[in-house]
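Please look through the sequence and the model shown below before reading on. The notes that follow go from strand pairing to helices and then to the whole chain.

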Amino acid sequence: MQPQYILTDKMLNRVVGISELTALLVLEKRALHLRKENRIRSIQSSLAIENNSLTLEQVTDIIDGKRVLGAPKEIHEVQNAYEAYERVFQLNPYRVDDFLRAHRLLTKDLVKRSGQFRAGDVGVYDSQGTVVHVGARPQFVPKLVQDLFEWAEKSTLPDLIKSCIVHFELEIIHPFEDGNGRMGRLWQSLILYQWQDIFEWIPVETVIYEHQQTYYDSLSLSNHQNDATIFIEFMLDAILETLQEYSLKEKSDKMSDKELLYFKLLEKYLKKHGVIASRDFQNLSNLSPSAARRYLTRFTDLGLLVKKGQNRNRQYQLRQDLS
């Protein structure tokens, strides 16, 4: 197997940005004190993409062993997903047996062929009931998956790009009667974890859910063009956005409500104009000169801003990975 894609400048720039931000998170030795919360967000978002209607609060209660009013199937999907996410990061992303084991965890008592490749044809339908994609014929599925994993294991591509390609190809093969989307996203997380273990706790699924239509559109366009480039670029954007949001959330936890309010105002300005001087921030925020300087110093100390120049020529810009 040789997946079709083109390495673009955008991909390479995203790989650099993601690598820098990941290294920063690892270097700072974040406690990731919200690990369980992040895992729950991953599970709720990945299931919501597949039309599970349970809220984040309901998913949290189910995982905490509390009774929840909801469809039994949806509740069981949450329970299975939590067990799968707890155990999948011990598996090998290039072993078919482990791939089937993860599917068994994810779909236990929900589908007839849990942990087995499908035996019949399968189609993907849009909201109007129109077929938008037909998966590979069932007799070819085992070899296609095996060939994909062998290619991925030998490939010298950066794991960030490789993980996107594996995710895309699994969606196109559609190896199972159900659970293909969840497995594609889960398997990408596993490959990313093999690269940097913080990806066990980074909820990329939440950003995919926020951009769900774009996710489906990029899959459809790449499938139609028989080229994964568009999908790879979308997924790299999603990974970078997730890391940026996580990094900002960690910083915002250390800010007061008033500091957060002024930073949001500043962030919006900087994303449009690039740089700001103390006097400009003073006018933007209606703060006194000393208060404006104090907030700019605070945001710089938190690592959210970078200052350039000296004295009256000093300007501030967003840290590169946040801009």
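Two strands count as paired if DSSP finds at least two bridges between them, where strands (E, at least two residues) and helices (H or I, at least four) are DSSP runs numbered from the N terminus. This is a predicted model, in which local features need pLDDT of at least 70 and side-chain atom pairs count only at pLDDT 80 or more, while totals for chains, interfaces and linings use all residues. Residues are numbered from 1 along each chain as its sequence is written, and side-chain values use heavy atoms, with hydrogens and water left out.

**The sheet**

- Three strands form an open sheet in the order β3-β5-β4, and their pairing is antiparallel.
- The strands β3 (276–277) and β4 stand at the edges with a single partner strand each, so one side of each has no neighbour in the sheet.
- Between β3 and β5 there are 2 bridges in the antiparallel sense, with isoleucine 276 opposite tyrosine 316 of β5 and alanine 277 opposite glutamine 315 of β5.
- On the other pairing, β4 and β5 run antiparallel and are joined by 4 bridges, and here lysine 307 stands opposite tyrosine 316 in β5.
- A hairpin is formed by β4 and β5, with 6 residues between them, and glycine 309 in its turn has a positive phi of about 85°.

- Helix α14 (residues 289–301) has 13 residues, which at 1.5 Å a residue should span 18 Å, and its end C-alpha atoms are 18 Å apart, so the two values agree; the expected span is 1.5 Å times one less than the number of residues.
- The buried residues of α14 are Ala291, Ala292, Tyr295, Leu296, Phe299 and Thr300, and what covers them includes α12 (257–273), α13 (278–285), β4 (305–308) and β5 (315–318), where contact means heavy atoms within 4.5 Å.
- This helix, α14, lies across β4 and β5 and runs at about 115° to β4; axes are lines fitted to C-alpha atoms, for helices over the stretch in contact, and angles run from 0 to 180 degrees between N-to-C directions.
- After α14 comes glycine 303, whose phi is positive, near 85°.

**Helix α4**

- Helix α4 (residues 72–87) has 16 residues, which should span 22 Å at 1.5 Å a residue, and its end C-alpha atoms are 23 Å apart, which agrees.
- Among the buried residues of α4 are Glu74, Ile75, Val78 and Tyr85, and the elements that cover its buried residues include α2 (35–49), α3 (56–63), α5 (96–107), α8 (180–195) and α9 (204–210).

**The whole chain**

- The secondary structure of the chain comes to 14 helices and 5 strands.
- The domain assignment, which is automatic or from a database, gives domain 1 (9–252) and domain 2 (256–318), and the C-alpha centres of these domains lie 37 Å apart.
- A compact globule of 323 residues would have a radius of gyration near 20 Å, and the chain agrees with 22 Å; this radius is taken over C-alpha atoms, and the globule rule is 2.2 Å times the number of residues to the power 0.38.
- Of the 323 residues in the chain, 51% are buried.

Technical notes. Buried < 20%, exposed > 50% of the residue type's maximum accessible area, 1.4 Å probe, protein only.
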